[in-house]
Amino acid sequence: MTEYGDQTAGFEALIGAYEGMLAQHASTDNQDAARRNALQFFERAMPGFRDFIEQREETRRNQVEVFKVYDIIRKDGGRASWYGGAKEHKGEWPSYRDRISKGLPESAVETIHETTEMILGSCASPRQPGDRRKGLVVGHVQSGKTANFTGLITKAVDAGYRIVIVLAGMYSNLRVQTQLRLQKDLDMDDARSVGIAWNRLTGEASDIGADIQRGIGPLRNPANVVVAVVKKHEMRLARVAEFLRSVPDDLLRERGVLIIDDESDQATPNTKARKDLVSTINQRIRDIWKEVPTGTYVAYTATPFANILIDPEDEGDLYPDDFIVALPEPEKYMGSRQYFDVSQNADDDADEMIHSLAHEVPEAEAEIFTPRSKAVDEFSPEMTPSLESALRWFLIATAIRELRVGGAKNSSMLVHTSQLTKVHELTKDLLDTWIRDLVLSLGEREYEFKATFEEEIDRAVSLRDGESVPAWPDVWARTAEVARQVKVKMDNGLSDDRLVYTDEEPQTVIAVGGGTLSRGLTLEGLVVSYFLRSSNTYDTLLQMGRWFGFRPRYRDLVRVWMGPGLREDYAHLARVEQQLRDEVATMKAESRTPREFAIKVRAHPGRLEITSRDKMSAADMVRAGLGGTRRQTIYLDRSAEGIRRGQEAAAGLIDRALRAGAELVQQEGDGGRARPSRLIRGLSNEDVVAFLRDYWVCPTEQWLQTRAMGDWLDRNGQDSSWNLALVSGPGDPFAIGGGLEVGMSRRAPLKRSAWKPSDLGVDLPAGSDVVNIRALMSGADHMLDLRILAEHGLLSTQDAAVLEGVKSEKFSVARSARAAVAPDEGLILLYAIDGGSTPRVNRGGETTRTGMDAPGTLIGLGVVFPHAEAEDQNEYYAVQIDDATEEDEPVVQRDDEGDFIAEES
């Protein structure tokens, strides 16, 4: 994929029509004029299309191939000025590449190579004294960030960096894990006669100490590299700064310093900025950075929210001024998309598969393991059905994996219910007792284990990757062996029996803990998670998702048992992650730096905060575009009053629409439907606002509230008109209003008791009975009106060609097509939802849904906003980038031949 590839999805609906217009003049003499006219036409419909086409054509002319995700080769065909690329044969990178190639697939090694090329090319040149840069690398939770920054270290060393400092999180076990990993992967103990020599200031049992002088001598030899792996502790960080101060200035300027800040959103950001103070760890890292005359600070994290909300105007702080790189999701990685719904399409067949990996623990059972701090003295855990199911499946899944691979491997179960150490202690005792009793009664327990096996084994067949499912007698025999070997360990700040994995002695372990298991520490062979602890912030909640990662040969066996409501929280976070990565892609496509482009983070409509308020002092609420986007009601009021209100509002809107325009009936694509979908044109902005005044939309969907819609239309849609689509489903006919009938749609709500104001963080009508259907709209619905118009011959030839070119139901494609065909037309979609809707059942015989059980037909609402040229209307947080320049202030010019701008301090 070329460098414009990230934009193609947004414009591909237009490319065919554009090329079709050019083809009409291919044999004439006015091709240039035709090209100009075509570009003007599509640029009006979709700003940015002209630049996209010109960049696309220029790239084709130059025939320059660039890496598929990264801007390693500049648009003019030249590389970044200082970095000529990795060594191929002799050096730290070739050696590291050979080592990891023995354990990673070729595609993973190539991804590490490509991404580290881009990152190092954005870093400061170690050969240019005074060059300093700060950047951020955004990974995925449990996705191999350590392998990536290890690769970066090897290439940096090959390029001339001679001091490497790795800040390895807040916990001693994580620091030790990182130290041992780097020693092994960098082969630090290999005595070599050629190449560089590693000089360690830290070891497995020793963080950086007082004897810092021993690191200065080796630096006088340019073949030596000094490396330290340091915990984020005030005294340890102070010693790093002291070490740098002790190196002679002239020597330090010539020995590039690479600082890797792992888990950089933890402790690093300033948590006292609201008080115009600096927090301790933040100050210590600032002190370290201040002592670096030549080098780069690279922050690594999977949850970068706090990092991108650092105040960019505070020159001493650690805002990533120079670059942000979003690592791609690796092949075979199991992330948000495998566990939680991201698409929010009602017809997504993957819905039940997605949720089949994640069970919801009943609220009554979850409360047993989540006592409040004040009540912890009365805490007395008892075995619950959900925990017992999770334990049985862990033993079974471990056995199946061992049968598949032909032997024991490290296998783990996570039990994370609370941050309270007493809960950990008593939960460990409970699990120890359960395992002991199980081993003593194995002969009597086969029936219940077999039942669990049959319930779980086929939940994720699509993730099986051709692996075998052994016969039950073999599984049960191996399960009995696993049960006799399993150990229960408590890993927290008070325990003295911490998790340490070795390949030589594989463990089967149930790990009980809190904070130490929720950040950075890798649980080897994690198969099952029993996770009840919630959080109010994006970053903490994501970091606690230890179940993300690589699961070779057992992807179909992993499971998560989660507390009430957590699946919906994680689904929102999955969408936030994707939006943030899209922001980074946009910044790169525009060839801008984070100093010029503030990354926005989407806010949650309810209780979740992006990160700790103490880390957001520089963030302001900003607004991004609603134009062309879709909104839908996923919370519905199934009470009798709620049903009455929805039906009356729908009938009133239909009556207004019929007075304004004629009805059109969908002619195609109605197979299996009781009635065709219907379209009425000509609604005004006032009609839409009046309807929203009558119809109830849950306040979590704030942009479908009456006042918000009216304000947006006043600013951005004064010339808009609206189409009304009455969407027909496959169910029984329903008289929706105006003498018109549609087929009812089935939308079964998620399993949960009625939602309360405390769940959603908003007020609800008295007597309401609110349920969550997760998604209302199907993938093709946001173009339903255009399809019907095309069927009736009511689109121009050019518009019909644009519509015909849309072969994907991806929203980005549909949004571009609407912008080209009907930029000033919005779409209201009404759905008649069967009050007796029942859920689909997956292969395991279970479902994440329950019956609607409503006393009548509910009305669902979907909205596709008209296109808007320059509006900003959605809740996002971002830092403010000050790009204003006084008229008499000189503007620093960018050097087109290199990435670095030398500025006077």
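**Close-ups of a helix pair and a parallel sheet**

**View 1. Helices α4 and α5 packed together.** In this predicted model, the axes of α4 (residues 92-101) and α5 (residues 106-122) come within 10 Å and cross at roughly 155 degrees. Axes here are lines fitted to C-alpha atoms, for helices over the stretch in contact, with angles from 0 to 180 degrees between N-to-C directions; helices are DSSP runs (H or I, at least four residues) and strands likewise (E, at least two), numbered from the N terminus. So α4 and α5 sit roughly antiparallel (angles over 145 degrees).

**View 2. Who touches whom between α4 and α5.** On the α4 side, W93, R97, I100 and S101 make the contact, meeting V109, I112 and H113 of α5 (contact: heavy atoms within 4.5 Å).

**View 3. The six-stranded sheet.** Strands run in the order β9-β15-β13-β10-β12-β11, giving an open sheet with parallel pairing (strands pair if DSSP finds at least two bridges between them). At the edges lie β9 (358-360) and β11 (487-491), each pairing on one side only. On average, neighbouring strands are turned by 15 degrees against each other, direction ignored.

**View 4. Zooming in on β10 and β12.** Five bridges link β10 (residues 411-416) and β12 (residues 508-513) in the parallel sense. Look for S412, which stands opposite V509 in β12.

**Notes.** Residues are numbered from 1 along each chain as its sequence is written. Local features need pLDDT of at least 70, side-chain atom pairs count only at pLDDT 80 or more, totals for chains, interfaces and linings use all residues, and side-chain values use heavy atoms, with hydrogens and water left out.

Key: Angles under 35 degrees count as roughly parallel, over 145 as roughly antiparallel, 65 to 115 as roughly perpendicular and the rest as oblique.
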